[in-house]
Amino acid sequence: MVHKGTVRLETERLILRRFTVADAEAMFKNWASDPEVTKYLSWEPHVNIEETREILRTWVNSYDFKNYYSWGIEIKDSETLIGSIAVVEGRENIRLVHIGYCIGKPWWHQGYVSEALAELIRFFFEEVGVNRIESCHEPANTHSGDVMKKCGMQYEGLHRQSIYKPDGQFPDACYYAILAEDYRKR
């Protein structure tokens, strides 16, 4: 893989960009503090804006590494930060990236996550040289699976108790993936 780091990407309606600590208020308000948004995620809702700032500081410091990928999802027209999309795991030996995403409830079911994920799929196959892109969701979060399917990812199966939750639960995960050869055929 030829790592490029978190570079600015654009789609028809979105800008995918690096976070700054100044994004704390928007992140906290638009998605990070909402229990409905975090219901199927591996982290709890943020209890205060300082928690959000601290996480953003960590992310911003990680941008120094070329193999670190974490974008804010911003609507072009309004410059509104509505969510995040990132590589949550990578494996160099098989050229794999595992992508996770999160978006605020007011922007659900409008195609924003599909648009962002499709752009990352293009970026990782065409510019970074990844061979496999995967993602997963809890079985009850079917809309997330719809996003993956819409982007050309194929369902590969259920991994039992493979997600960690801060409350000590280990829910199952539905895994989807797309390979470089699948992408080239599209």
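**Stop 1: a loop serine**

Select Ser 42: it is partly exposed, with a relative accessible area of 42%. Buried means under 20% relative accessible area, exposed over 50%, and partly exposed in between (1.4 Å probe, protein chains only). This is a predicted model, where local features need pLDDT of at least 70, side-chain atom pairs count only at pLDDT 80 or more, and totals for chains, interfaces and linings use all residues. Residues are numbered from 1 along each chain as its sequence is written, and side-chain values use heavy atoms, with hydrogens and water left out.

Ser 42 sits in the loop between helix 2 (35-38) and helix 3. Helices are DSSP runs (H or I, at least four residues), numbered from the N terminus. Now show what Ser 42 touches, leaving aside neighbours within four places in sequence: Tyr 164, Lys 165 and Pro 166. Contact means heavy atoms within 4.5 Å. Then pick Lys 149, which is 107 residues from Ser 42 in sequence and 22 Å away in space, C-alpha to C-alpha.

**Stop 2: helix 1 on helix 3**

Select residues 24-32 (helix 1) and 49-62 (helix 3); their axes come within 9 Å and cross at roughly 115 degrees. Axes are lines fitted to C-alpha atoms, for helices over the stretch in contact, and angles run from 0 to 180 degrees between N-to-C directions. Helix 1 is therefore roughly perpendicular to helix 3; that label covers 65 to 115 degrees, with under 35 roughly parallel, over 145 roughly antiparallel and the rest oblique.

Show side chains. Ala 24, Glu 25, Met 27, Phe 28 and Ala 32 of helix 1 meet Ile 49, Thr 52, Arg 53, Leu 56 and Trp 59 of helix 3.

**Stop 3: helix 4 on helix 5**

Move to residues 112-128 (helix 4) and 142-150 (helix 5), packed at about 45 degrees with axes 9 Å apart. That makes helix 4 oblique to helix 5. In helix 4, Val 113, Ser 114 and Leu 117 meet Val 147, Met 148 and Lys 150 of helix 5.

**Stop 4: the cysteines**

How many disulfides does the structure hold? It holds 0; a disulfide is a pair of cysteine sulfur atoms within 2.5 Å. Cys 102 is buried at 7% relative accessibility. Finish on Cys 136, whose nearest cysteine sulfur, that of Cys 174, is 8.6 Å away. Cys 136 is partly exposed, at 21%.

Terms used. Helices (H or I, at least four residues) and strands (E, at least two) are DSSP runs, numbered from the N terminus.
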